[in-house]
Amino acid sequence: MERQGKQINYYSEAFKQKIISELESGKLSIEQARRIYNIGGSSTIQKWIKKYGKNHLLGKIVRIEMPEEVSELKKLKKQKAELESALAKAHLKILSLESIIETAEEELEIELKKSSGKKQSSNPLKKEKPDQ
């Protein structure tokens with residue numbers, strides 16, 4: 001079975017600049033240049049335009065939305081901000097409660113939080129002392 005390979009074209013810098021020049025002068029559109037010069041690939045010329053910093057030749061992308069899409073996006077952004085704020089408040093509350101627990105443990109000399117892998121004393125108000 002004979003397999004035919006895909007033809008790959010390499011364009012010279014002079015050729016690319018000629019195409020860009022014709023686009024800048026308004027003689028041709030990108031699509032016309034592709035057809036006239038038989039340039040394959042739908043984005044080949046766009047890549048050359050970006051490479052040579054001639055972005056003004058590229059079309060602008062404008063998103064058209066229905067009014068309800070815009071309000072839905074605003075609603076979701078607001079909801080996200082509210083959730084982020086609630087999460088931050090919850091983190092602050094946890095930190096402050098942990099600080100209160102640590103202070104109480106130190107002042108009352110008791111263990112309020114269970115430590116993993118450590119046996120609790122039968123009297124929760126009496127802190128275990130290490131063996132001497």
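A nonpolar core is a set of buried Ala, Val, Leu, Ile, Met, Phe, Trp, Tyr and Cys residues joined through side-chain atoms within 4.5 Å. Buried denotes under 20% relative accessible area, exposed over 50%, and partly exposed in between (1.4 Å probe, protein chains only). The model is predicted, so local features need pLDDT of at least 70 and side-chain atom pairs count only at pLDDT 80 or more, whereas totals for chains, interfaces and linings use all residues. Residues are numbered from 1 along each chain as its sequence is written, and side-chain values use heavy atoms, with hydrogens and water left out.

**Overall architecture**

The protein has four helices and zero strands, in the order α-α-α-α from the N terminus. Helices (H or I, at least four residues) and strands (E, at least two) are DSSP runs, numbered from the N terminus. Of the 132 residues in the protein, 14% are buried.

The largest nonpolar core has twelve residues, including Ile-19, Ile-20, Leu-23, Ile-45, Trp-48 and Ile-49. Two or more residues of this core come from each of helix H1 (13–25), helix H2 (30–36) and helix H3 (44–51). Beyond its neighbours within four places in sequence, Ile-19 is in contact (heavy atoms within 4.5 Å) with Ala-33, Tyr-37, Ile-39, Ile-45 and Trp-48.

The axes of H1 and H3 come within 10 Å and cross at roughly 90°. H1 is therefore roughly perpendicular to H3, a class that covers 65 to 115 degrees; angles under 35 degrees count as roughly parallel, over 145 as roughly antiparallel, and the rest as oblique. Axes are lines fitted to C-alpha atoms, for helices over the stretch in contact, with angles from 0 to 180 degrees between N-to-C directions. Glu-13, Phe-15, Lys-16, Ile-19, Ile-20 and Leu-23 of H1 meet Ile-45, Trp-48, Ile-49 and Lys-51 of H3. By class, this contact has seven nonpolar, no polar and three charged residues.

Thr-44 lies in helix H3, and Glu-105 in helix H4 (residues 67–108).

| Residue | Relative accessibility |
|---|---|
| Thr-44 | Thr-44, 18% |
| Glu-105 | Glu-105, 15% |

A polar atom of the Thr-44 side chain lies 2.8 Å from the backbone oxygen of Gly-40. Leaving out residues up to four places away in sequence, Thr-44 touches Tyr-11 and Ile-39. With the same exclusion, Glu-105 touches Ile-110, Glu-111, Leu-112 and Lys-113.

Methods. Polar contact = N/O pair within 3.5 Å; in protein donor to acceptor, adjacent residues only side chain to side chain. Nonpolar A, V, L, I, M, F, W, Y, C, P; charged D, E, K, R; others polar.
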